[in-house]
Every structure is written in structure tokens, then in C-alpha cells.
Amino acid sequence: MDWIANLVIPLIKSLIVVIGLLVGFAYMTWAERKLCARFQLRYGPNRAGPFGLLQPVADAFKAIFKEETIFGQVHSKAIYVMAPGISLAAALLAFAVVPVGPTINSFQVFGFRVPDIPLSIAADVNIGVLYLFAIAGLGTYGIVLGGWTSNNKYSLLGALRTTAQMISYELPMGLAIVSVLLLSESLSLTKIVEKQAILPFIVLQPVAALIYLICGLAEANRSPFDLPETENELVAGFATEYGGIKFAIFFMAEYINMIVVCAVIATLFLGGWQWPAFLADLHPIVAVGLFFAKTAFMLFLFVWIRSSLPRVRYDKLMQFCWKFLFPLALVNLAVTAVVIALLPG
Amino acid sequence: MVVIEAIGGLWQLIRAMGVTLKHFFQKPITVQYPEEKVRIYPRFRGRHELQRDEDGLELCVGCGLCAAICPSGAIYVEAAENTEGERYSKGERYACIYEINMTRCIFCGYCEEACPTGALKLQHEFALADYDRGSLVYDKTRLLQPASPHVIILEG
């Protein structure tokens, strides 16, 4: 068995990805606060370190030392403590199939042959997209378990509403992705990126891209679909009885989910690391930089949407999904299929 | 028509996002307080100050009208006679004890309007926070000190 290529290198890549995502989460909170502030004509944190860059450190410090009380959980204290961990695990796992860059060709270092390093953890697996869906479904477990074990009826209701929202929006999301799959003829994310060398799929499938954007916002519980999230801040929500570090972990799971959704949009619709091809062919670092730039742009878009649009009421949110997005996604799929069948080649 | 309404709605959303984008490129309107000065108007009611006249004598004669009119009862005045040896104010009496409880003051300015000699004025100093409740009862020595506001006073 080729230990290096099959074990050591993926291990190192996973470590880099996990650490990168956790640091990325911390600075995403900083970026969100600064960006939301600028959209609202104010400064955002600028006291903790230059430009407020040490603000996440201050927040982490506060979360660690906050007093936590655990009392009267339903049935299982173990599940109460594990629920944030389940959410976080699902959010981190989803990044395994996102292709960050091209394959770095084999090279020699100190007389030792390093094999080809694909710049993603498992993107070339033939069921990449299916894996993403499965993990998105897993993510809802952490929320509903957290809400239930809190032994608080409001938490339970909040958890159920959040879960219903996330599950409902997975349907139009799936249909939008299927429209993309008709173009790319493969579920593997690496192949999807390679097909976008000439034209990113957002040009060929604008409606699917818009549907996927809206569903991604709803999956990540981001404004304007963040009624469950503000219910946290206001009255109750699935994380009411969670304090300090456990709440920070739920929060972390949500932001990492958001980063993953943005990375997936960048991969499926904006051309991943491959487009524009003349830049991506220069050097793998440029390709990785392209990927990060696209993800960063999507994150900026998410924060921009959050600070501009009012929140959607829960029943209207569900109506919008089932009565508008789902039929629209079906129509888009049908039209795409017809066009592909009629076009030569 | 659902599609037409949806496109109309989408256009409104894009306009809303345009407004925030415009804000993104403008300078924030926050005043970074200790480094930058706040701009206030001349009649701004801040910390009280007991004035003196040109000869250096206090204007306050200890009449107690300010204490009488204060809506929250934050002022306490006790008067005493001026003697030839110890003269504090121009007339017969002066205020030997003059205290304002800043935790109760609502900065309405009635005491300033009630004062017959023009001794009590509300100046522009507003950074009055302190760590100890006892030290928030200002006595006469503190009130006689001129206020040192960190502000820019706009045209009235």
C-alpha cells in the first residue's frame, strides 16, 4: 500500500483544511462585523488590536471563561453536550469534496519522490455531489438534538422550525444542482470544475445559480432566512440553554457551513479554480488564489445580502420554497434537458 | 404573473442592495470619541458650574431657588452670613454647603433658569462617569471648577 499518497498526504491536507477553516471562521466573524458596519455607515470593531483584528481572540477568551450552568436536561446529558459537536463535524466534513486547486505534479525534494498531490481532500470521488447532500442532511441532526435535549419547549419548537426550513430548501437546491449535472455529466466536483474551463456555469444556468444562492442562504440560516437565528438572540431558539463554549461551537458550525456553501457555489457556478483558464494555467498558486477570491466574493455577497434585506416571516419562507422555488427549479430542469437534447453535440 | 411579481420583487431587492453598497463607499458617520471631538450646540446642557464675578467673588448668594425648582431634588443648599473677615460673595449671604447629586440630576436646566444672580450655568462637559457612587455627589469645590469639555461647539 502506498502509505505516503494514501495516508500521510491526505492527513496533512485534512489538518491544513481543518485549521484553515477554524481560523477562517474566526476571521469571518471579524469580516462580517466590519462589513456589516460599513454597510451601515459605521466603523465596526476597531479597538481590539489594529483594525479590530484581535476581536475574535477577545470573543474566544470571553466564551471560554463564561459561566455555564447545566441543569435538567431531557434524558441525556451526553447528547446535550455532543449536539454542537455533531453540527460542527457535519460542517467540517462537507469541505472534503471541494476542489481547492489543480493537482500539483510530482516533484523531488531531498532525493525523495513526492507523488502527485491533488489540491483537495477527496474531490475526485465519483459521488462528490451526493456526498454534499448527505452531509447537509446530517447537519440538521445537531440542531434538532440540541433543541430537544435543552428541556425547553421554546428550544424544541425553534429547533423543529429550523430543521423544517433546512430540509425544505434542500429540494430546490438539489434540482438546481441536477441542472448543472446535466451540463457536466459527472457527480465528481473535480470534473465539474474542469468542464468550466471555457465558460462558468453561471452563464449557462443563471436561474439555477439564483435558486442555488437562495437555497444556500436558507441552508446556512443566513438572512433573510435567519428567523431561527434571531430567535436565538431575541427570545428562544435551539441554542437557548447553551452558553459559553457550546454556544460558540454552534456558532462556529453555522459559519463554517456558510463558508462551505460559498465554496460550493464558487465551485459549481463560478468556475472553481479553473476559470479564467489563462490565469489558472499559470501556476497552481494562482488557481488556488482564484478559488479563494471567488469564495471571498460569495462571502461578501452573503454579508451584503444580510445587511440589506429584511427578514422573511417563517410561513412565507416555507410558502416561497414549496410554491415558488420548487416549481421554478423543476421548470428550469425541464428546459435545460430539452435544450441539451435538441442541441447537436 | 407570479413570475412577473417575482422579477419585480427581485428588482426591489437589488435596489435595496444598491443603497447599502452606496453606504459602503461613504465615510462612516461615527465620531471616534476620545480621539475626535464631538460637535455640539452652544445651549447643550452638561455639567453645572458655579460662576464667579470680575472681582473673584462667588455670584451664588445661597437663596436656594435652584434647590426648590429641581424636579428630582438633586440640589442641597445651606446658606451662611458673610462676615467682614470672611467674604465669599458680594451680598449678605453665601452658600456654605452646595451639593448636587449627579446620579439624580436630569440635566433639565431649570436650576439654571431659576438662578437670580446667574451663578449656576450648565456647561458643555458630559464625560462624567465614575467608579464610586459617593464621588458622584458634587460639592461646591468641584462645581466651582471651570468645565473642561472635549468638544467642538457649533454655531448657535
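What percentage of the 156 residues of chain B count as buried? In this predicted model, the figure is 17%.

Chain B contains four helices and seven strands. Along the sequence, these elements run in the order α-β-β-α-β-β-α-β-β-α-β. The chain is more spread out than a compact globule, because its radius of gyration is 25 Å, well over the 15 Å that the globule rule gives for 156 residues. Along the principal axes, the C-alpha atoms of chain B fill a box of roughly 90 × 30 × 30 Å. Of the contacts in chain B with a separation of 6 or more, 72% join residues 24 or more positions apart.

Helix α1 of chain B covers residues 2-24. Its 23 residues reach 33 Å from the first C-alpha to the last. That span is close to the 33 Å expected at 1.5 Å a residue. The number of buried residues in α1(B) is one of 23, so this helix lies largely in the open.

Helix α2 of chain B spans residues 65-69 and includes Leu65(B). Leaving aside residues up to four places away in sequence, Leu65(B) touches Ala114(B), Cys115(B) and Pro116(B). Cys111(B) is 46 residues from Leu65(B) in sequence, yet the two C-alpha atoms are 7.5 Å apart.

Pro149(B) sits in the loop between α4 (140-144) and β7 (151-153) of chain B. Pro149(B) is also partly exposed, with 18 C-beta neighbours inside 10 Å. Its contacts, not counting residues up to four places away in sequence, are Gly46(B), Gln123(B), His124(B) and Glu125(B). Thr117(B) is 32 residues from Pro149(B) along the chain, and their C-alpha atoms are separated by 24 Å.

The interface between the chains brings 12 residues of chain B into contact with 12 residues of chain A. On the side of chain B that touches chain A, eight residues are nonpolar and four are polar.

Nonpolar side chains tend to be buried together in soluble globular proteins. The largest nonpolar core here holds 89 residues. Tyr212(A), Ile256(A), Ile259(A), Cys262(A) and Ile265(A) touch the most other members of this core. Helix α10 of chain A, residues 244-268, gives the most to the core, with 17 residues. Another core, of 17 residues, lies apart from the largest one. Among its members are Cys60(B), Tyr94(B), Tyr98(B) and Cys111(B). Within chain A, Ile265(A) touches Tyr212(A), Leu213(A), Gly216(A), Leu270(A) and Met298(A), with residues up to four places away in sequence left out.

Confidence in chain A averages a pLDDT of 86, and 95% of its residues reach 70 or more. Among the elements of chain A, helix α13 (residues 314-342) has the highest mean pLDDT, 93. Helix α9 (residues 227-233) of chain A has the lowest, 66.

Most residues other than glycine have a negative phi, and most peptide bonds are trans. The peptide bond from Trp275(A) to Pro276(A) is cis, with omega near -5°. Pro276(A) belongs to the loop between α10 and α11 (277-280) of chain A.

Two residues of chain A other than glycine have a positive phi: Glu185(A), near 55°, and Asn221(A), about 55°. Glu185(A) lies in the loop between α5 (153-184) and α6 (189-195) of chain A. Asn221(A) lies in the loop between α8 (206-219) and α9 of chain A. Glu185(A) is exposed, since 10 other C-beta atoms lie within 10 Å. Asn221(A) counts as buried, since 21 C-beta neighbours lie inside 10 Å.

Notes. Residues are numbered from 1 along each chain as its sequence is written. Chains are lettered from A and ligands numbered from 1 in the order in which they are written. This is a predicted model: local features need pLDDT of at least 70, side-chain atom pairs count only at pLDDT 80 or more; totals for chains, interfaces and linings use all residues. Helices (H or I, at least four residues) and strands (E, at least two) are DSSP runs, numbered from the N terminus. Two residues are in contact if their C-beta atoms, placed from the backbone, lie within 7 Å. Ala, Val, Leu, Ile, Met, Phe, Trp, Tyr, Cys and Pro count as nonpolar, Asp, Glu, Lys and Arg as charged, and the others, Gly among them, as polar. The radius of gyration is taken over C-alpha atoms; the globule rule is 2.2 Å times the number of residues to the power 0.38. A residue is buried if 20 or more other C-beta atoms lie within 10 Å of its own, exposed if 12 or fewer, and partly exposed in between; C-beta atoms are placed from the backbone. The expected span of a helix is 1.5 Å times one less than its number of residues. pLDDT is the predictor's confidence in each residue, from 0 to 100. A nonpolar core is a set of buried Ala, Val, Leu, Ile, Met, Phe, Trp, Tyr and Cys residues joined through C-beta atoms within 7 Å.
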